[in-house]
Amino acid sequence: MTALVAVFQCIGLIIPIGFNVGAFALVPIVIGAAMLGPVAGLWLGFIFGLVVIVTGQASAFYAFGVVQTVIVVLLKGALAGWVSGLMFKLIEKKNSLAAIITSSVLCPVVNTAVF
């Protein structure tokens, strides 16, 4: 799952969506968080943030401070995966379809909202 996150995020670099790049890596983050739990979601989200930093996708925000940008990018990805996995675990007991829909919606929302 870690490799899928890295590859999907790199694929997003070559497929622009408007002025932005696609965050296709959120798909394996949600799947991994649902299958393996919140800690795996946290790890996969952290890897997502790391790939964003390494590929230079966050370089436009370095004007606000390099250290602050790195912390925020890593934190937002990790939190998105963790929250996605946590909500899936909580809702899955009642309805698995609702759980995957909720975690799929929350992952990009948390990723964007923390930023």
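Accessible areas were computed by the Shrake-Rupley method with a 1.4 Å probe, and for residues only the protein chains shown count as cover. On this basis the protein chain exposes about 6300 Å². Carbon and sulfur atoms supply 77% of that area. The model is predicted: local features need pLDDT of at least 70, side-chain atom pairs count only at pLDDT 80 or more, and totals for chains, interfaces and linings use all residues. Residues are numbered from 1 along each chain as its sequence is written, and side-chain values use heavy atoms, with hydrogens and water left out.

The protein chain holds 5 helices and 2 strands. These elements are DSSP runs numbered from the N terminus (helices: H or I, at least four residues; strands: E, at least two). Their order from the N terminus is α-β-β-α-α-α-α. The C-alpha trace spans about 45 × 25 × 25 Å along its principal axes. The radius of gyration, taken over C-alpha atoms, is compared with a globule rule of 2.2 Å times the number of residues to the power 0.38. For 115 residues a compact globule would have a value near 13 Å; the protein chain has 14 Å, which agrees. Contact means heavy atoms within 4.5 Å. Of the contacts between residues at least 6 apart in sequence, 60% join residues at least 24 apart.

Burial was assigned by relative accessible area: buried is under 20%, exposed is over 50%, and partly exposed is in between (1.4 Å probe, protein chains only). Buried residues account for 37% of the 115 residues. In soluble globular proteins, nonpolar side chains tend to be buried together. A nonpolar core is here a set of buried Ala, Val, Leu, Ile, Met, Phe, Trp, Tyr and Cys residues joined through side-chain atoms within 4.5 Å. The largest such core has 18 residues. Val5, Leu26, Ile29, Phe48, Val52, Val73 and Cys107 touch the most other members. Helices α2, α3 (38–54), α4 (66–92) and α5 (96–114) each give two or more residues to this core. The largest share, 6 residues, comes from α3.

Beyond its neighbours within four places in sequence, Val73 is in contact with Gly49, Val52, Ile53, Ala58 and Phe115. Ile53 lies in helix α3. Its relative accessible area is 16%, so Ile53 is buried. Ile53 and Gly37 are 16 residues apart in sequence, and their C-alpha atoms are 25 Å apart in space. Ser103, in helix α5, is buried because its relative accessible area is 0%.

Patches are made of residues with over 30% relative accessible area and no salt bridge; like charges are joined within 9 Å, and nonpolar side chains (Val, Leu, Ile, Met, Phe, Trp, Tyr) within 5 Å. A salt bridge is a side-chain nitrogen of Lys or Arg within 4 Å of a carboxyl oxygen of Asp or Glu. Met1, Leu4, Val27, Ile31, Met35 and Leu36 make a patch of about 550 Å². Helix α2 (residues 26–36) gives the most to the patch, with 4 residues. Leu4 is found in helix α1 (residues 2–14). Leu4 has a relative accessible area of 38% and is therefore partly exposed. Met1 lies in the segment before α1. At 33% relative accessibility, Met1 is also partly exposed. Met1 touches Pro28, Ile31, Gly32, Leu36 and Leu44, not counting residues up to four places away in sequence. The C-alpha atoms of Met1 and Gly49 are separated by 15 Å, with the two residues 48 apart along the chain.
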